[in-house]
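Here is a short tour to read alongside the sequence and the 3D view. Keep both open as you go.

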Amino acid sequence: MASSTLPDQTTNTAAPKPTYYTRFNIWQRIEHIALLASFTTLAVTGLPQKFAEAPISDTIIGLLGGIEATRGLHHFAAIVLMALSVYHLLAVIYRVFVKRSALSMFPVISDFKHLIHDLLFYLGRRKQRAYYGRYSYSEKVEYLAVVWGTLVMIITGFMMWNPIATTNLLPGEVIPAAKVAHGGEALLAVLAIILWHFYNVHIRHFNKSMFNGKLTREEMEHEHPAELAMVEAGQDSRAPSPAVLQRRQRIFYPIAAVLAVVFSFGLFKFVTFEQTSILTMPPGETAKVFAPETPTPSPTRKPTSTPTVTPTPGAATSTSVPGGG
């Protein structure tokens, strides 16, 4: 008896596997995760110190082990963020100099055209959104905001971490000004991440490319259609030949090593340049208190003499005569 199901029916009805396009390599994803961890730690440990009078701040600081532990975690996360900044700068130089990649995160004229195009789309004057390339103008603004915010946090953090050295060159008013700028920029960054980044990347559409490194063709058509067209047309940037790559690497690696040493030394001086003004106060008296080995003898009490009566002038004095009658 012949089977009622044709052999090729199951293969024809099966959904085709989606095509993936690599967007971020493993090192970029690790850098993003490290940035996520350090930024979150800075926010959790920094905002309770800014709003110290809030009841929830006392709870958070208590859960973190007290104010000293909270400050220690905050400083450690700041060091990680600065180290990531150094790594990111060297990685950008490598991609531009060795791989000849374009500086695709910097704004260009087409970004302003895309902005106007999108505004007309939101007003109903255009049928579709702008034709984005590898990064849209909103992604570029967010990236530059991270760069600017990190720079502000590092400068103001140095002033607060090294107040004596700062006031040797600048007026003392810069310390409270740095504190206000540091806290304000931190609050702005947290609000931008929650209200802007989370909505665009995780709520409106969950973009998993920073975790798995890939986007489907459908996602590329929606988010980066111009880049997809270039990739499929073979016009995207190609990797240089191995010989050219090695020649550029031989030039880059010694320069990168020198820059890494210089930046590492600067980071070390940032952390150990001076102690805080509280710890640099002159120490108190450390002399031992005099304590004699033998107890001090107490003075001996003298017996109290019987008080004498002073005779009154003119008073009769009785004289007893022995044997008198």
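## Basis of the model

This is a predicted model, in which local features need pLDDT of at least 70 and side-chain atom pairs count only at pLDDT 80 or more, while totals for chains, interfaces and linings use all residues. Residues are numbered from 1 along each chain as its sequence is written, and side-chain values use heavy atoms, with hydrogens and water left out.

Helices (H or I, at least four residues) and strands (E, at least two) are DSSP runs, numbered from the N terminus.

Two packed helices are described by the angle between their axes and the distance between the axes. Axes here are lines fitted to C-alpha atoms, for helices over the stretch in contact, and angles run from 0 to 180 degrees between N-to-C directions.

Start with α6 (residues 137-161) and α8 (residues 174-203): they pack at about 155°, with axes 9 Å apart. That angle makes α6 roughly antiparallel to α8 (under 35 degrees counts as roughly parallel, over 145 as roughly antiparallel, 65 to 115 as roughly perpendicular and the rest as oblique). The crossing of α6 and α8 is left-handed, a term used if the near helix is turned anticlockwise from the far one by less than a right angle, and right-handed if clockwise.

Now look at α2 and α8, which pack at about 130° with axes 10 Å apart. This makes α2 oblique to α8, and the crossing is left-handed. Here Phe39, Ala43, Leu47 and Lys50 of α2 meet Gly183, Gly184, Ala189, Val190 and Ile193 of α8. The contact of α2 with α8 has six nonpolar, two polar and one charged residues.

## Salt bridges

How many salt bridges does the count come to? The count is six, where a salt bridge is a side-chain nitrogen of Lys or Arg within 4 Å of a carboxyl oxygen of Asp or Glu. One of them pairs Glu227 with Arg23, with the closest N and O atoms 3.0 Å apart. Glu227 lies in helix α11 (residues 225-232) and Arg23 in the loop between β1 (20-22) and α2 (26-50), so the pair ties together parts that are 204 residues apart in sequence. Both Glu227 and Arg23 are buried (under 20% relative accessible area, with exposed over 50% and partly exposed in between, using a 1.4 Å probe and protein chains only).

Lys140 and Asp111 also form a salt bridge, at 2.8 Å from N to O. Lys140 is in helix α6 and Asp111 in helix α5, 29 residues apart. Lys140 is buried, with a relative accessible area of 7%, and its contacts include Ser104, Phe106 and Tyr135.

## A loop residue to check

Arg100 lies in the loop between α4 (67-97) and α5 (109-122). Arg100 has a positive phi of about 60° although it is not a glycine. With 48% relative accessibility, Arg100 counts as partly exposed.

Key
Contact means heavy atoms within 4.5 Å. Ala, Val, Leu, Ile, Met, Phe, Trp, Tyr, Cys and Pro count as nonpolar, Asp, Glu, Lys and Arg as charged, and the others, Gly among them, as polar. Lists of a residue's contacts leave out its neighbours within four places in sequence.
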